[in-house]
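Q: I would like to learn how to read a model from its contacts. Where do we begin?

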Amino acid sequence: MLNYIIRRFFSYIPLFIGITLLSFLIIKLAPGGPEMMMGFGSPRVDPQMREKLKKVYGLDKPVLIQYLNWLKNIATLNFGVSFQDGEKVIKKIFQRLPATVLLNVCSIFLIFLIAIPIGVYSAEKHNSFFDRFFTVFVFLGFSVPTYWLALILMDIFGVRFGILPVSGMVSFGWENFSFLKKILDLIWHLILPVFISAFTSLASLTRYVKAEMLEVLSQDFILSAKARGIPEKEILWKHAFRNALLPVATIAGLMLPSLIGGAVIFETIFSWPGVGRLMWQAVMARDYPLIMGNGVFITILTLLGNFLADISYAYLDPRIRYGNEK
Amino acid sequence: MEMRKNYLFWMSVFILGFFVLTSVFAPYICRYSPSQQSLSEKLLPPSEKHIFGTDEFGRDVFTRLLYAGRVSLSVALVAVIISTFLGTLIGITAGFFKGVVDAVIVKIIDVFLSIPTFFLILMVVSLWSPSLLNIMIVIGLTSWPSLARLVRAETLSVSERDFIKAVESLGLSKWRIMFVHILPNVLAPVVVAAVLGFGSAILVESGISFLGLGIQPPQASWGNMLASGKTYLGVAWWLSFFPGLAIFLVVLCFNLIGETLKQKWGGS
């Protein structure tokens with residue numbers, strides 16, 4: 001297992017280099033380049049001063065050296081300071097990270113909780129009414145613009161009936177609530193954002209689970225299990241589902257980029273104090289160090305998520321780790 | 001089953017055609033101009049005079065919806081052309097040449113697929129200006145990798161087949177084999193991906209416009225119309241309802257058409 005993890009880890013290195021190189025190139029090629037990004041690119045800055053600053057920041061060195069320096073900064077989590085208030089970018093990100101993690105963990109949990117039973121039963125009762133109903137549902141889920149759905153639900157539940165909060169993570173004066181009330185208040189605020197952020201991925205995972213189940217159910221060992229007279233329910237969950245679960249585990253890792261990317265929209269709509277909204281605020285304020293820091297940090301975090309999914313896959317499926325060690 | 005599918009397919013084609021035609025001929029259909037303001041008529045609910053109501057500047061929502069369709073559909077069209085071209089070219093190259101070329105391209109595809117695309121688009125749009133052209137290009141440049149992966153897989157299997165071996169032994173040039181003999185055989189999944197890509201490009205464009213980072217007002221796009229409706233939540237539902245419905249219907253139609261084609265052609 002350890003052998004496998006190490007091997008996997010090294011296979012992520014080219015990916016890491018690719019991603020950081022891409023981000024670096026975006027900065028480098030941006031109009032005004034890194035000078036603009038650090039705040040001395042404007043034509044109002046004295047040219048001599050600019051040359052001096054270029055030297056200070058190492059921008060007079062060859063591109064490769066610049067990239068390596070930049071990598072070093074990333075490795076030490078040094079993303080510079082925000083234009084807006086001079087605070088460290090990394091500090092700002094860490095402040096916002098828990099909110100985003102909470103939201104995404106809740107929605108991944110919800111996605112699996114709902115998608116697995118639906119997918120499994122759709123496969124078992126293939127072409128039944130139940131299956132067709134959810135096929136339609138999956139289609140709608142793929143096509144609906146989630147921000148539109150969010151606005152409609154906010155209008156209905158937040159404004160018309162006033163039973164769910166439409167913005168923020170906690171109520172006013174949350175610090176003074178009792179512990180239980182704090183938790184309940186948080187859950188109350190989580191309902192709409194979690195539902196909305198889970199919606200699209202719910203559709204794709206349902207379809208995925210169904211496809212995997214159909215595949216497994218058509219295999220010979222299922223037929224032989226049936227021949228041995230094992231109850232349908234047991235075959236479905238013990239024999240088929242366990243095998244279908246493996247690829248489903250990896251999809252969780254692949255879902256991360258879209259979930260996190262979508263977070264920018266959900267967090268902005270619901271004024272959720274997470275990194276997605278931080279990104280939006282940074283973009284609106286043209287706060288370049290914050291934009292780049294945020295983008296790079298989130299991307300690396302996603303890569304880490306994929307890595308963990310890979311490992312859990314190998315942990316669940318011995319064929320993967322032994323197959324690779326041969 | 002087959003009939004039902006076809007029925008949905010033609011229905012989608014019809015609805016899409018309707019959207020395309022009304023957008024193209026918007027100036028001949030609308031009684032108002034999309035930028036014509038009338039402060040005495042602001043935030044009017046749908047009525048006979050303004051069938052989808054008016055917005056906060058008294059502009060006719062129906063008119064703006066049609067003009068926004070021009071923007072949203074053309075952004076998606078150009079983005080899909082860019083991504084289809086890149087995805088096909090890169091995918092065929094990887095699948096045909098194999099070896100080192102393939103390994104490098106696969107890694108590049110992996111890089112793109114593991115980046116939260118939306119963050120990448122925001123990064124680029126915020127550094128360059130959010131002009132119409134830039135948005136088309138950015139969406140196109142970020143959505144090719146999944147197609148490239150698909151085309152690569154198809155190319156790998158096609159190039160194992162006997163007729164490719166035959167043309168190889170005839171000594172045809174590599175480019176000729178790739179584009180005359182392999183390309184037509186991988187075209188089915190490319191068309192399917194392009195149709196489905198249309199839907200997702202519209203979703204992405206309206207997503208960034210919704211955040212205020214895409215198409216800039218006063219030019220209307222479905223996304224930024226939706227965004228302006230957010231301010232009047234609970235006051236004027238029609239501001240965000242109709243643009244959202246337009247996005248939803250168009251994307252749904254593209255998905256239905258794409259899925260039908262996929263099943264018909266047995267693409268992966």
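Q: Are B:Asp55 and B:Arg59 buried or exposed?
A: Bear in mind that this is a predicted model. Both residues, B:Asp55 and B:Arg59, are buried. B:Arg59 has a relative accessible area of 7%, so it falls under the 20% limit for buried.

Q: What does B:Asp55 form with B:Arg59?
A: Start with the general idea. Side chains of opposite charge can pair when their charged atoms come close. Here B:Asp55 and B:Arg59 form a salt bridge, and their closest N and O atoms are 2.9 Å apart.

Q: Where is the place of B:Arg59 in chain B?
A: Look at the loop between helix H2 (26–29) and helix H3 (61–97) of chain B; B:Arg59 sits there.

Q: Which residues is B:Arg59 in contact with, leaving aside its neighbours within four places in sequence?
A: With those neighbours set aside, the contacts of B:Arg59 are B:Pro34, B:Ser35, B:Gln36, B:Gln37, B:Gly53, B:Thr54, B:Arg64 and B:Pro218.

Q: How many salt bridges does a search of the whole structure find?
A: Over all chains, the search gives 11 salt bridges. One of them joins A:Arg160 to A:Asp155, with the closest N and O atoms 3.0 Å apart.

Q: Is A:Arg160 buried or exposed?
A: Read each partner separately. A:Arg160 is exposed, at a relative accessible area of 51%. A:Asp155 is buried, at 8%.

Q: How many salt bridges are counted between chain B and chain A?
A: The count is one. B:Glu259 pairs with A:Arg207, and the closest N and O atoms are 3.3 Å apart. The pair crosses between chains, from helix H11 of chain B, which holds B:Glu259, to helix H8 of chain A, which holds A:Arg207.

Q: Does B:Glu259 count as buried or exposed?
A: B:Glu259 counts as buried, with 12% relative accessibility. A:Arg207 is partly exposed, with a relative accessible area of 31%.

Q: Which residues are linked with A:Arg207 in a network of salt bridges?
A: The network links A:Arg207 with B:Glu259 and B:Lys262.

Q: Now the interface. What area do chain B and chain A bury between them?
A: The size of an interface is often given as the accessible area lost when the parts come together. For chain B and chain A, the buried area is about 4200 Å², and 78% of it is on carbon and sulfur atoms. B:Phe119, B:Met123 and B:Leu127 supply 17% of the area that chain B buries against chain A, more than any other three residues.

Q: How many residues of chain B are in contact with chain A?
A: On chain B there are 44 such residues, and they are in contact with 52 residues of chain A.

Q: How many residue pairs are in polar contact between the two chains?
A: Between chain B and chain A, 10 residue pairs are in polar contact, counting pairs with both residues at pLDDT 80 or more. The helices of chain B that each supply at least two residues to the side touching chain A are H4 (99–113), H5 (117–127), H9 (174–210), H10 (222–231) and H11 (238–265). H11(B) gives the most to that side, with 12 residues. By residue class, the side of chain B that touches chain A divides into 29 nonpolar, nine polar and six charged.

Q: Back to helix H8 of chain A. Is A:Ser197 buried or exposed?
A: A:Ser197 lies in helix H8, residues 179–217 of chain A. A:Ser197 is buried, with a relative accessible area of 4%. Leaving aside neighbours within four places in sequence, A:Ser197 is in contact with A:Ser107, A:Leu259 and A:Phe266.

Q: How many disulfides are counted over all chains?
A: The count comes to zero. Cysteines can still be read by accessibility. A:Cys106 is partly exposed at 25%, and B:Cys253 is buried at 3%.

Q: How many helices and strands does chain A have?
A: Step back to the whole chain. Chain A has 13 helices and zero strands. The C-alpha trace of chain A spans about 85 × 60 × 40 Å along its principal axes. Of the 326 residues in chain A, 47% are buried. Among the contacts in chain A with a separation of 6 or more, 72% come from residues 24 or more positions apart.

Technical notes. Residues numbered from 1 in each chain as written. Chains lettered and ligands numbered in written order. Predicted model: local features only at pLDDT ≥ 70, side-chain atom pairs only at ≥ 80, totals over all residues. Heavy atoms only, no water. Contact = heavy atoms within 4.5 Å. Buried area = accessible area lost by both parts, 1.4 Å probe. Salt bridge = Lys/Arg side-chain N within 4 Å of Asp/Glu carboxyl O. Polar contact = N/O pair within 3.5 Å; in protein donor to acceptor, adjacent residues only side chain to side chain. Helix = DSSP H or I, 4+ residues; strand = E, 2+ residues; numbered from the N terminus. Nonpolar A, V, L, I, M, F, W, Y, C, P; charged D, E, K, R; others polar. Disulfide = S-S within 2.5 Å. Buried < 20%, exposed > 50% of the residue type's maximum accessible area, 1.4 Å probe, protein only.
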